[in-house]
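Please look at the structure below before reading the briefing. The notes after it are grouped by topic.

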Amino acid sequence: MASITPTMEANTKAMDAENLARVTRRPGTWRACSALLRRDFVLAWRRRGELFLPLLYAVIVTALFPFALGPDPELLARIAGGVLLVIVVLAMLPALEAMFRADLEDGTLEQWLLAPQPLALLALTRVIAHWLTTVVPLIIVMPLLGALLNLPVKVLPVLIAALLLATPLLVLLGSVLSALTAGARRSGILLALMLLPLAVPVVIFAAGAIAAAQSGMPYLAPLTWLAAALVLAIVLAPLACAAALRIAVET
Amino acid sequence: MTTPPAPAAPLLSAHRLAFTRNDEPVFGPLDFSLWSGETVLVEGDNGSGKTTLLRVLAGMLPTEGEIRFCGQPASRDSRNGRVLWLGHRTGMNEALSARENLGFLAGLYGTRVGMTAAMAMERVGIGGWIDEPLRALSAGQKKRVGLARLLLLPGDIWLLDEPYANLDRHGIALVNALIAEHCARGGAALVTSHGAVRFADTNARHIHLVA
């Protein structure tokens, strides 16, 4: 090394760096997203007790309604759809707050930011994992909860369809707010205050579909509106979420 | 996406780099470059902006001044996973084991050719702990898992914020050895220290920050 000039030395070192860059393979986006999904599922399984709580909450609240309103099957059947919708939205709220909290605190988000992967896509993957682990179980027990409230059988599929469209939409909206409030202390109430106005239109359209199905009217229009909003949110929310995550890491 | 580095351009260069927080200058303006194979030690007292400087370089804080990677202006593309960051926080989930955490990060960053999580953990001396959840590990062991991450993931620019913290004497020697190996491979490292630990490479350049 002593015999060569400093520039040549720099050149050889730059070539070494080039080699280093070439012999390492960058994982594709798909591989990155599946790694994140797998990690989130393993974590969810480790904390399955926590995931059980929203489910328990939904079952208890549903079971309390007939006691509070009296055993009037007609009344219950009339309100069942709306009640279940609101119960699901409320049961989703506490988990939304924690969507990015742990990752911000332990520095995982810093690693996300530096990774050679699009942050918005990682955010979308997190939303999918969150929805699958915390919301889907709620939708799965819907037939049981519907039975508790004497929900008409013909309404059940519409309720489930409305939930399948409305809940991912809410998780997407919630992901942006969750990222924004991740750094704040006691952000739970803040998140709820910010999310509930956004949730109102979603609930209105979902309830509209359920009410239409209940009275035997066409219910496809409100469901299509929900689907359209969901598509829009899938495209835009991860971008906003990624921007919010950058802010969260900066502060 | 991965343009080969132009020869004779430093891996990382900063020009008039400064950072102000609430109109108070934190550091700078600084001019320096980090060449392949080089280690630069960032020294300064507590609160002098060492961590802030590294976060600015990592793109986690907005910049005043100019940062270039291999001659190209800093952006997500030019950074493109070549910057590895080891901070005070582990960047790993405490409920998962080192194997699961490293596996996930390898999914995001890729791995060095011929390197596995088990080999990296073996190299940093805690191979036996690979399947334990991180919360069962001591602070020094967690730091070593962080070092294993540096070994496993590709990336030629290491930004190490107080890598010696929590480590015993063997750990400090290990950090120095890892940095030396990394530089011999053509990588480069920017290391902060508050000066309590003797740095192995006495020829390393220093950046001194004053509070």
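Predicted model: local features only at pLDDT ≥ 70, side-chain atom pairs only at ≥ 80, totals over all residues.

Two residues are in contact if their C-beta atoms, placed from the backbone, lie within 7 Å. By that rule, 11 residues of domain 1 of chain B are in contact with 12 residues of domain 2 of chain B.

**Domains of chain B**

- The domain assignment gives domain 1 of chain B as 10-82 + 155-211, while domain 2 of chain B is given as 90-154.
- Between the C-alpha centres of domain 1 and domain 2 of chain B there are 22 Å.

**The side of domain 1 that touches domain 2 in chain B**

- Helix 6 of chain B, residues 169-184, gives the most to this side of domain 1, with four residues.
- Sorted by class, this side of domain 1 of chain B has six nonpolar residues, four polar residues and one charged residue.

**Elements of chain A**

- Chain A has 11 helices and zero strands.
- Read from the N terminus on, the elements of chain A run α-α-α-α-α-α-α-α-α-α-α.

**Outline and packing of chain A**

- The radius of gyration of chain A is 23 Å, whereas a compact globule of 251 residues would have one near 18 Å.
- Along the principal axes, the C-alpha atoms of chain A fill a box of roughly 95 × 35 × 30 Å.
- In chain A, 41% of the 251 residues count as buried.
- Of the contacts in chain A between residues at least 6 apart in sequence, 82% join residues at least 24 apart.

Conventions
Residues numbered from 1 in each chain as written. Chains lettered and ligands numbered in written order. Domains from an automatic or database assignment. Helix = DSSP H or I, 4+ residues; strand = E, 2+ residues; numbered from the N terminus. Nonpolar A, V, L, I, M, F, W, Y, C, P; charged D, E, K, R; others polar. Rg over C-alpha atoms; globule rule 2.2 N^0.38 Å. Buried ≥ 20, exposed ≤ 12 C-beta atoms within 10 Å, placed from the backbone.
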